[in-house]
Amino acid sequence: MSSWVLEYASKDNDNSSSRDDVDEKFELLGAASDPADSDLSLTNDAFLRAAVSLKDQVVEMTWRRRGAEGSLDPTVYTGLMGTAFVCLRSYEATGDRRDLQLCAEIVAAAAHTSNRHVTFLSGRGGVYALGAICANYSGDEEKRGFYLNCFLEMAQEKALPVGPEEGGFGMSYDLLYGRAGFLWAALLVNKYLGDLTVPSDLLMGVVAAVLAGGRAGASDNPACPLMYRWHGTRYWGAAHGLAGILHVLLHFPLSEDDMKDVKATLRYMMSNRFLHSGNYPVSEGNPRDKLVQWSHGAGGIAITLCKASEVFPSDREFRDAAIEAGEVLWKSGLVKKAGLGDGVAGNAYAFLSLARLTGETIYEERAKAFASYLYHIAGGGDEHTYSLFQGVAGAACVWFDLLAPERSRFPGYEI
């Protein structure tokens with residue numbers, strides 16, 4: 001078992017020998033032309049044992065040791081609902097109903113907290129969606145109905161379907177805090193509980209508001225039909241920007257004009273990549289080419305392009321761009337953080353998306369190489385050490401998903 005899976009919390013930040021080992025592994029994996037040849041590659045049994053061990057450690061540190069006076073962050077992104085998500089993923093991989101019970105207990109605690117956001121990753125949408133899904137697995141009709149009713153009541157939020165022409169800028173459009181994040185939560189509920197569980201008449205008005213907001217935001221740029229601002233910045237990435245919003249829109253039945261605008265916006269992004277690296281800017285006009293991760297850069301955009309290729313199979317350019325983004329990740333995506341949001345775990349999922357899109361085994365092997373690297377690295381932590389997106393909990397999800405790559409999905413991003 002890897003040292004950091006067993007001892008992560010006790011590692012000292014200033015460990016020079018560990019840092020040397022990490023740097024050596026960076027060089028080893030980065031130089032491998034065939035990832036399957038790397039001696040970092042692990043077996044499925046090793047991934048399973050590591051995933052279960054890390055899941056248990058995440059539960060211990062974020063839930064069992066929280067204590068009566070501990071703060072309760074109810075979000076999927078950095079809080080307890082991320083622990084609940086890992087338990088749910090563990091149940092789906094192993095069938096251990098103790099994980100399902102843990103998920104139910106954590107959701108019940110989070111359900112009593114207040115949160116003004118309605119998204120899956122950072123709001124009530126995550127609590128209610130996971131609660132309904134967990135209860136559905138358990139066969140608990142009463143709790144299923146309770147969480148579903150909470151979700152449907154939340155879906156009546158007046159600001160959700162209000163477009164910019166009606167003063168709708170009070171709610172953002174992004175995946176993390178805005179309308180796209182609500183829509184993603186609804187998609188997840190419908191995946192697990194049935195297509196029309198959250199009715200389309202509640203969702204399509206929000207979709208229309210997102211499209212209207214994008215057109216208003218792009219009114220000063222005729223080359224790009226859709227653009228969004230988050231705190232004044234026109235981000236391109238998955239967490240706050242274009243990639244995340246477009247990815248969600250691609251799951252809905254859009255009109256021909258709407259589809260044209262989505263395609264043209266993706267083409268605008270593709271045509272404005274950094275010429276030297278092939279990576280994508282963090283935001284509109286930003287010349288800094290340093291971030292290669294899910295939240296900013298090629299990591300999240302690669303997954304969005306995979307979805308675009310699936311929706312528009314006759315448009316080969318999206319498939320090609322997704323593959324090119326994957327090459328950026330292979331060259332520069334072995335970053336020094338572990339999490340889904342800005343680390344190796346998130347970038348590993350882009351390879352799993354490419355594997356499903358292309359059917360080529362090299363992408364599964366690259367995902368395994370990144371996941372194996374996660375198994376070997378060590379490091380210190382902060383308040384988010386064990387969170388899903390900013391900490392190590394996302395690694396457990398990657399390891400579980402590698403047991404059945406064809407069913408893998410990026411938590412909170414892929415349906």
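Mentor: Start with confidence, since this is a predicted model. Over residues 1-19, pLDDT stays under 50. The model has 42 contacts beyond four places in sequence for that stretch.

Trainee: What is the mean pLDDT of the chain?

Mentor: The mean is 89, and 87% of the residues reach 70 or more. The chain has 16 helices and zero strands. Of its 415 residues, 58% are buried.

Trainee: How do you know that Cys103 is in no disulfide?

Mentor: Use the distance. The nearest cysteine sulfur, that of Cys134, is 4.0 Å away. A disulfide needs the two sulfur atoms within 2.5 Å, so Cys103 has no disulfide to that partner. By this rule the count comes to zero disulfides.

Trainee: Why is Cys397 called buried?

Mentor: Its relative accessibility is 0%. Buried means under 20%, so Cys397 qualifies. Cys103 also has a relative accessible area of 0%, so Cys103 is buried by that cut-off.

Trainee: What makes Ser90 buried?

Mentor: Ser90 has 1% relative accessibility. That is under 20%, so the label holds. Ser90 lies in helix α4, residues 80-94. Leaving aside neighbours within four places in sequence, Ser90 is in contact with Lys55, Gly95, Asp99 and Phe400.

Trainee: On to the rings. How many aromatic pairs are there?

Mentor: The count comes to 22 aromatic pairs.

Trainee: Why is the pair of Phe312 and Phe318 called tilted?

Mentor: The centres are 5.9 Å apart, and the planes stand at 45 degrees. Under 30 degrees would be stacked and over 60 edge-to-face, so 45 degrees leaves tilted. Phe312 and Phe318 are both buried.

Trainee: What makes the pair of Phe351 and Phe370 edge-to-face?

Mentor: The angle between the planes is 85 degrees, which is over 60, so the pair is edge-to-face. The centres lie 5.1 Å apart. This pair links distant parts of the chain: Phe351 is in helix α14 (residues 344-358) and Phe370 in helix α15 (residues 361-376), 19 residues apart.

Trainee: How do you know that Phe370 is buried?

Mentor: Its relative accessible area is 1%, under the 20% limit, so Phe370 is buried. Phe351, at 0%, also counts as buried.

Key
Residues numbered from 1 in each chain as written. Predicted model: local features only at pLDDT ≥ 70, side-chain atom pairs only at ≥ 80, totals over all residues. Heavy atoms only, no water. Buried < 20%, exposed > 50% of the residue type's maximum accessible area, 1.4 Å probe, protein only. pLDDT = per-residue confidence, 0-100. Contact = heavy atoms within 4.5 Å. Helix = DSSP H or I, 4+ residues; strand = E, 2+ residues; numbered from the N terminus. Phe/Tyr/Trp six-rings, centres within 6.5 Å; stacked < 30°, edge-to-face > 60°.
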